[in-house]
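Look over the sequence and the model before reading on.

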Amino acid sequence: MDLSPSILAKAELHFKNFRLWSEEEREASLNQALAQLDELKDIWIFGYASLVWRPEFEFVESRRGTLAGYHRSLCLWSSVNRGTPERPGLVFGLAESGVCEGMVYKLPNDNLMDKMRRLWKREMPNSSYLPMWLDCHTEQGTVKALAFVMDPEDPSYVGDLSIEETINVVMGAQGYYGPCTEYVLETAAALKNADIRDDTLYHLSELIADRLQGS
């Protein structure tokens, strides 16, 4: 499936500027984020996409949670995990405006630095996300949770695509962790199982599933 010239131009800008962080840069980013806390304990993580169905960390409590001021969006190029430099895929980010429902996870307080380093290696391979401590509303009360927010100034930021543009990108991409279609469908299924509402994503996932059945 061919991509439009405007999308290809955005992808070219991304690849021109794409660079993985060194271990030292990741550690500096982690320390900067943790410096905003009064103490290293009772840390909550907000999951809105793959962290819902593949968290890869232990937690002592989980809740459904809502962030105001952000929405879940397939707005980040993926040239490794769900795509390649020749055919990039898309992954989710928290984009400004709206409301996002997801899950919050409370980490055990033992060996927290080790847990945070593993999380940073997964979620912060480069500068695409801005780690932010945001108020997350749950039925049991508001918690301050770490959320990985899309940096709109980063070259990896795609912006809002139309549904058809999004499908065209997703259908043709496959990376280290598998097809981009799998990533989108797994996220939609996990959110449904958690009784989280996202009508836009569910509509998109249905269209992608239809295309896969027809291919």
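## The largest pocket

In this predicted model, 30 residues line the largest pocket, and Asn81, Arg122, Glu123, Pro125 and Tyr177 lie nearest its centre. Its volume is about 770 Å³.

Four elements each give at least two residues to the lining of the largest pocket: helix H3 (50-53), strand E2 (61-78), strand E3 (89-106) and helix H4 (112-123). Sorted by class, this lining holds 16 nonpolar, eight polar and six charged residues.

## The second largest pocket

The second largest pocket has a volume of about 410 Å³. It is lined by 20 residues, with Arg72, Ser73, Asp198, Thr200 and Leu201 closest to its centre.

E2, E3, helix H5 (163-171) and helix H7 (199-214) each supply at least two residues of the lining of the second largest pocket. That lining has eight nonpolar, six polar and six charged residues.

## Cysteines

How many disulfides does the count come to? The count is zero. A disulfide needs two cysteine sulfur atoms within 2.5 Å.

Take Cys75. The closest cysteine sulfur to its own is in Cys100, 11 Å away, so the gap is too far for a bond. Now take Cys100. The closest cysteine sulfur to that of Cys100 is in Cys136, at 8.9 Å, and this too is too far for a bond.

Are these two residues, Cys75 and Cys100, buried or exposed? Cys75 has 0% relative accessibility, so Cys75 counts as buried. Cys100 has 1% relative accessibility and also counts as buried. The cut-off for buried is under 20% relative accessible area.

Notes:
Residues numbered from 1 in each chain as written. Predicted model: local features only at pLDDT ≥ 70, side-chain atom pairs only at ≥ 80, totals over all residues. Heavy atoms only, no water. 1 Å grid on protein atoms, 1.4 Å probe; cavity = no way out; pocket = protein on both sides within 12 Å on 5 of 7 lines; lining within 4 Å. Points joined across faces, edges and corners; volume = space filled by probe spheres on them. Nonpolar A, V, L, I, M, F, W, Y, C, P; charged D, E, K, R; others polar. Buried < 20%, exposed > 50% of the residue type's maximum accessible area, 1.4 Å probe, protein only.
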